[in-house]
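Morning, everyone. I'll take you through one model, from the whole chain down to one residue. Please have the viewer open.

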Amino acid sequence: MSVPDAKERWSGKITTVTIGATPAEGGTRGSTVTLGGEAGIPFLSFDGETPNPPAIALDVLDVEPADWPGPLAQVYSDVWSDPAAWAKRVKELGADLVNLRLVSIHPDEGDRSPEQAAETVKAVLEACDLPLIIWGCDVPEKDQRVMPKVAEVAQGENCLLGAVTEDEYRTLTAAAQAYGHKLIALSPCDINKAKQVNILVTDMGYPLEDIIIYPSTASLGYGMEYIYSILERGRLAALSGDKLMAQPVLLDVGLEAWRAKEARTGDEAAEVWGPAAHRGPLWEAVTATDLLQGGCDLLIMRHPRAMEAVRKAVSQLIEA
Amino acid sequence: MSEFRIRFLPDERETVVEDGTSLLEAARLANVYVGAICGGEGSCGKCRVIVRQGDVEGESTEYLTRDEIRRGYVLACQVFPRSDLVVEVPPESRLVGYEGIDRESERFRDFAHRGAEAPPAQLDPVIEKFYLVLPEPTLDDPTADQERLLEAVAKRRGGPLQMGLKVTRQLPRVLRRLQVRRSSWNWTWDGRVTAVVAPRSDVNELLDVEPGDTSDRNYGLALDIGTTTVVAHLVDLTTGTTREAAAKYNSQIRYGADVISRINAARRPGGAAAMHQAVVQDVETLIDDLVKRAQVGRKNIYCAVASGNTAMLHFLLGLEVDLIRLSPFVPAAVNPPPVRAAEVGLRIQPRGILYVMPMVGSFVGGDITAGILASGLHRGEELALLFDIGTNGEVVLGNRDFLVACSASAGPAFEGGSVSCGMRAASGAIDSVRIFHRNLAVSATTIDGAPPVGLCGTGLIDALSEMLMAGIVDRSGRFQVHRAPERFRTSPEDGRPEFILVPAHQSATGRDLVITQADVENLIRTKGSIYAAADSLVRAVGLSFQDIRKVYIAGAFGNRLNVTSCVSIGLLPELPGERIHFIGNSSVGGAKLAILSRRMLEEVHQIRERISYIELMVDPAYMEKFTSACFLPHTDAGRFPSVVRRLEQRAGHVVE
């Protein structure tokens, strides 16, 4: 008796998006990162190819983080007062991309000007030649002033800018369009909303192929399963031919995992929970590897050991 | 306790109220109508009046601008007299055409349209009049009067027949003439009578016996007790024609625009009786008007067939309504038997019968069974959808093999209730809108061509469709202020942008007529819920909209809806135009069919038994369909190819 062929035949495919530009492409990056291109369910190599394994970006803040717990401080505290130095550290640690958060432009967190933010971006671009992701501060009025400026100074570098939402998409989309950057489209754990943001952005003439979907993120123990099911359904829809869900997906795992008290609590809980030095990175690694099964192309992370653990898991799954 | 004299302008009506009576209450006492959507809770901001003389106390600043407060504007439900007052009710707060019957108003043109519905092929009216010539009793044939009559009627109308004591008491004097001379009297046989027969469930009742031949004087009323409008048609049962039609606003509106606030009002002391009286009084007002115009006696109206949603029919019958809005949503009755109209308070023929269109449940009422009957959806071979778009939205799917219905919690977004510049479709309501893409110039038409007072449902749908096509809103309904900053103003209430449709100097109210971001959001939610309801029904039976051969649109604004606009905003599915049929007020249409044909009256009961109700709130896929439909026209653009094509063409013209 022969074994029946269980291979799915998918009509759709995830689009590929490249972040960063080398000198040959008009930028100054030492490398570029290509996301997406999957033609099947994650890690089922017999189902469809996975030409680009998930990429990992490590976080860089433009100010010294106020509340990063010990395990992260150990890795970054000597560089975190200088985003350029921090970006270099991230490259040394082996990240594929630098994820720069312009925290200090927030009216309550320093209220730095668009020009100051632009200086920071320039410094990071000069210090480190990894492709760059740049986020505003989540205050629309401020981001609308800062992000066009930032997009302008990063012209040619083909950065990934975040994030457009259903409510606020016009300015950032226009900036990305004008200066040749890719866009992160954020929606709150809802497939229809994700599609709606994509439609709004493409209605402005922005290409659908240059969008990365960010369906929001939740960590282990804090509603991860909701995100998981959205990822899974989105991926199945994309593979079934839904063009509006066929964009690569980004997850902000580091931010969410390190908000969990299980990751943050220090060694005062070691007796019950185990040593903080392992617990935090593990929390981040487990969140990331779990969510990868749902279909994700770009992870934003914080701890290098978590990153390594995820890479190891990915390589084992792909070889298997 | 002090009393204050309050005079209302422009009606020049006065009333005296006790201390502590709100201005809104005072207006009610004076029989002056002031729009109060929320029923006087201070949450709608619609009951704006101007205090011309005297002092009031109370806070009403939330919904008024500083300038308006300076000019004496107050919210009538929130302020109390402190002295004698002169109060002006401005046009936007007056319910044009509310009182009495405004036949000129376009709002009622559909209803007043006589004989719009073709009479059923077989005219077989519920009330039958038999002219009989009974033979004079003799010693050889001493049959009693009652038996004599019943035997004669039985030859014309078989089956069990009953006859009440009151009619039997009159009978001998109807059959004979009594001549009295001084101390003697004499009975002379006549024997020419007209018997009036009406079905009461399984038996026929001999309602009355009239002397002579009155068989050509046989009238009935078809009633639609709508949440917003009460409609009455006077139908000639011998010819099947509609003699006169009249409509008026449901007076319950003063207790709130939607069904739920009415039910809440009924829970207050005396509330239930007041709500019942309001509806009965509305019907009585309409009957007065009908009989006067048609020159017909009330005594020749032998029946009324009432249609309407479940809550309204409960109000009419004086049944408990509260349970309708409480889980598990069990109404007092869904199939009330025929009753004497007099018992309900309708002064037609004293023994006349009131029939009520059977209801399916708390959220699918007699207006829907009537609508199905009128559309003929239940008899057709082809698959059809019926949308009833009124204060509530209901959708029915089916054909002669099956019927499923559901109710979309649509809300009154189409009837002016929750819309900031909304009004009922009365004189001065903007009912169509066109926006030119190049300069965003707005061209609008109003009902009766009167200066614009506000927007009615059709106008609002048109406006949203046009704003979408002109790029004034994006596909999620957000205003694109950068397209024309000068055409927007900032809302004094929530600080969000408002699109100025008609500037203050061109409006009848002296205020800008605007569409707010909240208006757009409400409308999108409403249309999304109706579309998603239809979507759910269609999917529930494993089909898609493309399988639907006929779409019937029923509802108050039936015939004036612009199909293109409805499709553009995604209220209706995109289907070939020839599949869409407007059937107007099918609630009264169905009632009329039932009054003209006993077969139809039976059929509507069969319809009731056949309908399966689908509760969307327990359908896990509904929420998904709803969010998907809360986009313009829909998140799944493939469902609206021509709308998307038009949007793309438009994008070519619009300079960002």
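Chain B holds 17 helices and 31 strands. Helices here are DSSP runs of H or I with at least four residues, strands are runs of E with at least two, and both are numbered from the N terminus. A word on ground rules. Residues are numbered from 1 along each chain as its sequence is written, and chains are lettered from A and ligands numbered from 1 in the order in which they are written. This is a predicted model, so local features need pLDDT of at least 70, side-chain atom pairs count only at pLDDT 80 or more, and totals for chains, interfaces and linings use all residues.

Overall shape next. Chain B has a radius of gyration of 28 Å, close to the 26 Å of the globule rule for 656 residues, so it is as compact as a globular protein of that length. The radius is taken over C-alpha atoms, and the rule is 2.2 Å times the number of residues to the power 0.38. The C-alpha trace of chain B spans about 100 × 70 × 45 Å along its principal axes.

How much of chain B is buried? Of its 656 residues, 52% are. Buried means 20 or more other C-beta atoms within 10 Å of a residue's own; exposed means 12 or fewer, partly exposed is in between, and C-beta atoms are placed from the backbone.

Now contacts: two residues touch if their C-beta atoms, placed from the backbone, lie within 7 Å. In chain B, among contacts with a separation of 6 or more, 67% link residues 24 or more positions apart.

On to domains. Chain B divides into domain 1 (3–93), domain 2 (128–211), domain 3 (217–366), domain 4 (372–412 + 524–646) and domain 5 (422–512). Those bounds come from an automatic or database domain assignment. The C-alpha centres of domain 3 and domain 5 of chain B are 36 Å apart.

First sheet. It is open, with four strands in the order β8-β12-β13-β9 of chain B, and the pairing is mixed. Strands pair when DSSP finds at least two bridges between them. From one strand to the next, the twist averages 35°. Helix α5 (residues 165–175) of chain B packs on this sheet, touching β9, β12 and β13 (203–211), and its direction makes about 40° with that of β13(B). Axes are lines fitted to C-alpha atoms, for helices over the stretch in contact, and angles run from 0 to 180 degrees between N-to-C directions. β8(B) and β12(B) (residues 192–200) run antiparallel, joined by six bridges. Within that pair, B:F130 has B:A195 as its bridge partner.

Four bridges tie β27(B) (residues 497–502) to β28(B).

Zoom in on B:I515, in strand β28 of chain B. Is B:I515 buried or exposed? B:I515 is buried, with 27 other C-beta atoms within 10 Å. B:F499 stands opposite B:I515. Leaving out residues up to four places away in sequence, B:I515 touches B:A463, B:E498, B:F499, B:L501 and B:V520.
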